[in-house]
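Please read them with the structure open.

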Protein chains: 2
Amino acid sequence: MINRLIEGIKKTEAPIVVGLDPTMKLLPPSLYAETVRDFGETPDAVADAFYKYNKGIVDAVADLVPAVKPQIAMYESYGIPGLIAFKKTVDYCHKKGLVVIGDIKRGDIGSTSEAYALGHIGSSVIGGTEYRGFDEDFVTVNPYLGSDGVMPFIKVCEKEKRGIFVLVKTSNPSSGEFQDRICDGRPLYELVGEKVAEWGDALMGESYSYVGAVVGATYPEMGKALRKIMPKTLILVPGYGAQGGRGKDLVHFFNDDGLGAIINSSRGIIAAYQQEKYSSYGEAGYADAARAAVLDMKADIAEALG
Amino acid sequence: MINRLIEGIKKTEAPIVVGLDPTMKLLPPSLYAETVRDFGETPDAVADAFYKYNKGIVDAVADLVPAVKPQIAMYESYGIPGLIAFKKTVDYCHKKGLVVIGDIKRGDIGSTSEAYALGHIGSSVIGGTEYRGFDEDFVTVNPYLGSDGVMPFIKVCEKEKRGIFVLVKTSNPSSGEFQDRICDGRPLYELVGEKVAEWGDALMGESYSYVGAVVGATYPEMGKALRKIMPKTLILVPGYGAQGGRGKDLVHFFNDDGLGAIINSSRGIIAAYQQEKYSSYGEAGYADAARAAVLDMKADIAEALG
């Protein structure tokens with residue numbers, strides 16, 4: 001799956017992942033009104049609207065990008081109906097040929113991490129039949145619990161040829177509270193980065209590892225240091241656009257081969273229609289606005305990479 | 001809810017939480033066979049068996065303990081049907097008067113953490129009606145992303161009078177890989193513990209804070225240090241029993257008032273029937289075996305606390 005993702009980045013010339021993170025505020029009102037007609041004002045209506053909203057965006061951008069990243073929290077917020085919409089979104093994205101990165105930030109110990117891994121990127125055999133829970137291609141993983149928490153994911157990756165992205169340095173303002181602490185002379189995120197490189201060495205694809213890392217666009221200097229520590233690691237970079245990261249901040253996340261990073265944008269794409277710049281599309285044109293925003297983002301990154 | 005939990009501990013004289021972490025291996029075979037008759041060998045059968053298994057245990061122990069802690073990973077492993085069983089378990093435990101700690105170990109940034117918090121311990125207002133997603137009373141939270149990741153949970157706690165337990169020092173063998181790193185002269189877990197105390201001061205119940213901590217029974221010396229750093233923090237202690245923690249290891253997790261800690265046991269209780277010691281109950285007597293194991297655990301802790 002890492003090889004397919006890298007191939008997708010090369011083919012589309014877009015190291016871009018579209019974050020499918022719907023919220024009530026981002027939903028085009030007329031689309032929501034339509035689902036309310038079917039379900040009343042209920043979590044089922046919200047969930048159905050999320051799915052239809054995603055579908056519109058995916059149809060509009062599937063030829064432009066290699067991957068999408070649904071953020072499960074947005075769906076989980078609405079309980080079971082929300083998670084059904086998450087699963088339908090994953091399935092639809094697969095049907096459209098996209099690599100699906102489940103942004104789930106799970107992490108626990110031993111058999112509990114294994115349960116998460118099986119539910120998201122693996123399968124359970126019941127009565128001789130393989131059942132898949134959520135069926136993403138990659139998931140994000142929290143490293144706070146150490147190797148015990150991460151290795152069960154890696155074992156499932158090995159079997160399924162799927163991958164993970166381990167949180168190393170997150171994009172939020174207070175990420176430094178613990179991640180930047182100087183431990184034994186070096187910031188914690190570098191120590192986590194070293195572990196990611198070590199875990200990754202044991203499970204290589206053709207040019208990059210099945211074990212990737214998350215490093216926020218909002219910390220370009222740290223990205224530069226981490227790029228060197230993890231040369232064979234694909235870096236998933238959140239924080240572009242709405243969170244403040246810009247094209248020029250991204251340069252050092254990439255290797256000299258022009259690969260090695262994939263940049264996420266969520267609100268900046270899926271709710272582009274709410275921005276002044278794309279307002280001419282109107283809410284009914286939200287999908288076309290998303291397409292235009294992807295093309296602009298692609299140009300911004302290409303210019304920065306020069 | 002923290003006051004209710006502390007009251008429950010006093011009333012039952014059992015600082016014990018029963019971990020409802022079902023797996024295929026722990027399920028009594030005849031109970032599973034019954035659900036297979038209804039659903040075939042499918043995830044629906046597994047999920048229904050998990051719910052019935054939990055129900056049996058809850059019925060047997062509800063008068064003995066103040067709280068239960070379903071581990072969501074075990075359910076999430078089976079996708080949507082699994083999560084439906086999780087939700088049914090939460091609802092059933094509420095009906096039986098138990099405090100429910102959702103062991104979800106979530107953590108993300110800003111609005112994403114808020115989405116998790118609303119889905120698990122809060123609600124969403126849709127068309128003027130409040131809908132609750134999973135409806136636990138407490139959840140566990142991962143601190144790796146810093147205050148941005150934790151504060152949205154705390155805000156929801158404040159509104160709902162519910163609580164969280166933040167991972168500080170986990171019970172697994174490799175928890176030290178990052179958590180024990182010496183940062184600015186002190187182990188990282190102590191720095192996290194200080195933050196927990198600080199977050200907790202701002203949201204106090206009568207004697208303990210709505211912001212609790214997770215510290216593994218397998219690290220008693222660290223528990224002792226953390227007890228002092230977080231005097232008003234209720235400590236949720238995993239790792240007793242199956243993971244190797246014993247009654248005498250628990251003493252320093254408690255304050256002089258005999259309160260301040262609540263000890264989790266999962267396999268050791270729910271699958272007691274598989275242990276030599278309780279084998280006379282047989283698999284059909286799994287619930288009575290669980291009851292006996294709770295009583296033994298209560299005696300073990302009481303003896304240790306003197």
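1. At what angle do helix α3 and helix α5 of chain B pack, and how far apart are their axes? The model is a predicted one. In it, α3 (residues 43–61) and α5 (residues 79–95) of chain B pack at about 15 degrees, and their axes are 8 Å apart. Angles under 35 degrees count as roughly parallel, and α3(B) and α5(B) are therefore roughly parallel to each other. Their crossing is right-handed.

2. The residues that make this packing can be listed from each helix. From α3(B) come B:Pro43, B:Asp44, B:Ala47, B:Asp48, B:Phe50, B:Tyr51, B:Asn54, B:Lys55 and B:Val58. They meet residues of α5(B) that include B:Gly79, B:Pro81, B:Ile84, B:Ala85, B:Lys88 and B:Tyr92. Sorted by class, the contact of α3(B) with α5(B) has 10 nonpolar, 4 polar and 4 charged residues.

3. One residue of this contact deserves a separate entry. B:Lys88 lies in helix α5 of chain B. The C-alpha atoms of B:Lys88 and B:Tyr51 are 7.1 Å from each other, although the two residues are 37 residues apart along the chain.

4. Next, the contact between the chains. Chain B gives 54 residues to the contact and chain A gives 53 residues. On the side of chain B that touches chain A, the largest share, 6 residues, comes from helix α6 (residues 110–120) of chain B. By class, this side of chain B has 26 nonpolar, 19 polar and 9 charged residues.

5. The same surface serves both copies, since 98% of the contact residues of chain B recur in chain A.

6. Helix α6 of chain A can be described by its burial. Of its 11 residues (110–120), 9 are buried, so this helix is largely enclosed by the rest of the structure. The buried residues of α6(A) include A:Thr112, A:Glu114, A:Tyr116, A:Leu118 and A:His120. Their cover includes β3 (99–106), β4 (124–126), β6 (138–141) and α7 (147–160) of chain A, and also α4 (72–76) and α5 of chain B.

7. The axes of α9 (residues 188–201) and α10 (residues 220–229) of chain A come within 9 Å and cross at roughly 30 degrees. That makes α9(A) roughly parallel to α10(A), and the crossing is right-handed. A:Tyr189, A:Glu190, A:Gly193, A:Glu194 and A:Ala197 of α9(A) make the contact with A:Met222, A:Ala225, A:Leu226 and A:Ile229 of α10(A). By class, there are 6 nonpolar, 1 polar and 2 charged residues in this contact.

8. Last, a loop residue. A:Tyr210 is found between α9 and β10 (211–215) of chain A. With 25 other C-beta atoms within 10 Å, A:Tyr210 is buried. Leaving aside neighbours within four places in sequence, A:Tyr210 is in contact with A:Ile2, A:Cys157, A:Gly163, A:Leu203 and A:Gly205.

Conventions:
Residues numbered from 1 in each chain as written. Chains lettered and ligands numbered in written order. Predicted model: local features only at pLDDT ≥ 70, side-chain atom pairs only at ≥ 80, totals over all residues. Contact = placed C-beta atoms within 7 Å. Helix = DSSP H or I, 4+ residues; strand = E, 2+ residues; numbered from the N terminus. Nonpolar A, V, L, I, M, F, W, Y, C, P; charged D, E, K, R; others polar. Axes fitted to C-alpha atoms, helices over the stretch in contact; angles between N-to-C directions. Parallel < 35°, antiparallel > 145°, perpendicular 65-115°, else oblique. Left-handed = near helix turned anticlockwise from the far one by under 90°. Buried ≥ 20, exposed ≤ 12 C-beta atoms within 10 Å, placed from the backbone.
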